[in-house]
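I opened a notebook for this structure and wrote down each thing I looked up. The entries follow in the order I made them.

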Amino acid sequence: MRCPFCRHADSRVVDSREVDEGQAIRRRRSCSKCGRRFTTSETMVLAVVKRSGVTEQFSREKVVRGVRRACQGRPVDDDALQQLAQRVEESIRSAGVAEIPSHEVGLAILGPLRELDAVAYLRFASVYRSFSSIEDFEKEISDLRVAMAAPADPDNSDNGADDD
Ligand SMILES: [Zn+2]
């Protein structure tokens with residue numbers, strides 16, 4: 001990587017450390033010509049494979065754009081959208097794969113979006129799952145009601161105990 005100050009092509013690494021729990025490596029470099037220092041960051045490229053077979057780099061911005069459309073008129077601010085996109089990226093990266101089909105990105109969005117706003121979730125799900133009838137909505141809404149009535153703590157959601 002060229003020195004950002006003098007464009008010299010050679011630099012040496014003076015410090016290297018893992019950040020984001022090992023998901024990235026940050027290197028402090030020193031230019032061998034002008035001696036100035038700069039930092040580079042190395043992360044795994046998460047590739048999204050589109051239906052056409054074309055791959056593109058995962059983008060949080062794209063997730064935000066897709067979800068923002070579903071959130072029109074809803075009380076969901078930009079911070080919430082950014083956090084959602086971050087959760088989506090983390091859940092995909094934690095699966096430990098370097099490539100993911102684009103439709104699985106949509107799947108990873110559904111969970112956090114449902115927690116964020118039920119109406120936005122329904123809108124997004126209706127497009128993503130290609131709802132074609134009122135019955136599709138009815139089924140999704142009844143599933144949503146069940147999910148919203150379920151205990152909030154996922155660790156306790158399947159222990160069969162009735163807390164009432
Ligand atoms: Zn330089």
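Which residue in strand 3 is the bridge partner of Arg-28? I looked it up and found Thr-39. I note here that the model is predicted.

**Entry: strands 2 and 3**

I then looked at the pairing around that bridge. Strand 3 covers residues 37-43 and runs antiparallel to strand 2, with seven bridges between them. I checked the hairpin that these two strands form and counted five residues between the strands. In that hairpin Gly-35 takes a positive phi near 80 degrees.

**Entry: strands 1 and 2**

Next I went to the other partner of strand 2. Strand 1 is joined to strand 2 by eight bridges, and the two run antiparallel. I looked up two of the facing positions. Ser-11 is opposite Cys-31 in strand 2, and Glu-18 is opposite Ile-25 in strand 2. The hairpin of strand 1 and strand 2 has four residues between the strands. There I found Asp-20 with a positive phi near 50 degrees.

**Entry: the zinc ion**

Cys-31 came up again when I looked at the metal. Which residues coordinate the zinc ion? I found Cys-3, Cys-6, Cys-31 and Cys-34, each through its SG atom, at 2.3 to 2.4 Å. I wrote the spacing of the donor residues in sequence as C-x2-C-x24-C-x2-C. The pair Cys-3 and Cys-31 links distant parts of the chain, 28 residues apart. Cys-3 sits in the segment before strand 1 (11-19), whereas Cys-31 belongs to strand 2 (residues 24-31).

Why is the arrangement around the zinc ion tetrahedral? The four donor atoms subtend angles of 107 to 118 degrees, and the arrangement is therefore tetrahedral. The cut-off I used asks that all angles lie between 85 and 135 degrees.

**Entry: positive phi outside glycine**

Arg-7 has a phi near 70 degrees and lies in the segment before strand 1. Its relative accessible area is 52%, so Arg-7 is exposed. The cut-off for exposed is over 50%.

Ser-130 has a positive phi of about 50 degrees and is not a glycine. I placed Ser-130 in the loop between helix 4 and helix 5 (134-149). Ser-130 counts as exposed because its relative accessibility is 52%.

**Entry: the annotated domain**

I then turned to the record. An unreviewed UniProt entry carries the annotation "domain: ATP-cone" for residues 46-136. Over residues 46-136 I read 63% helix and 10% strand. The end C-alpha atoms of that stretch are 32 Å apart.

**Entry: the largest pocket**

The largest pocket has a volume of about 720 Å³ and is lined by 23 residues. Which of the lining residues lie nearest its centre? I listed Gly-66, Ser-102, Gly-106, Ile-109 and Phe-124.

I also sorted the lining by element. Strand 5 (55-57), helix 1 (60-70), helix 3 (102-116) and helix 4 (118-128) each supply at least two residues of the lining. Helix 1 gives the most, with six residues.

Note on methods
Residues are numbered from 1 along each chain as its sequence is written. This is a predicted model: local features need pLDDT of at least 70, side-chain atom pairs count only at pLDDT 80 or more; totals for chains, interfaces and linings use all residues. Side-chain values use heavy atoms; hydrogens and water are left out. Donors are N, O and S atoms within 2.8 Å of the metal (3.2 Å for Na, K and Ca); water is not among the atoms, so sites may look incomplete. Four donors count as tetrahedral if all angles lie between 85 and 135 degrees; four count as square planar and six as octahedral if opposite donors are over 155 degrees apart and all others between 65 and 115; anything else is irregular. UniProt positions are given in the numbering used here, feature names are shortened, and annotations may be inferred rather than shown by experiment. Two strands pair if DSSP finds at least two bridges between them. On a 1 Å grid over the protein atoms alone, a cavity is a set of points where a 1.4 Å probe fits but cannot get out, and a pocket is an open set with protein on both sides within 12 Å along at least five of seven lines; lining residues have an atom within 4 Å of a point. Grid points are joined across faces, edges and corners, and a volume is the space filled by probe spheres set on the points. Buried means under 20% relative accessible area, exposed over 50%, partly exposed in between (1.4 Å probe, protein chains only).
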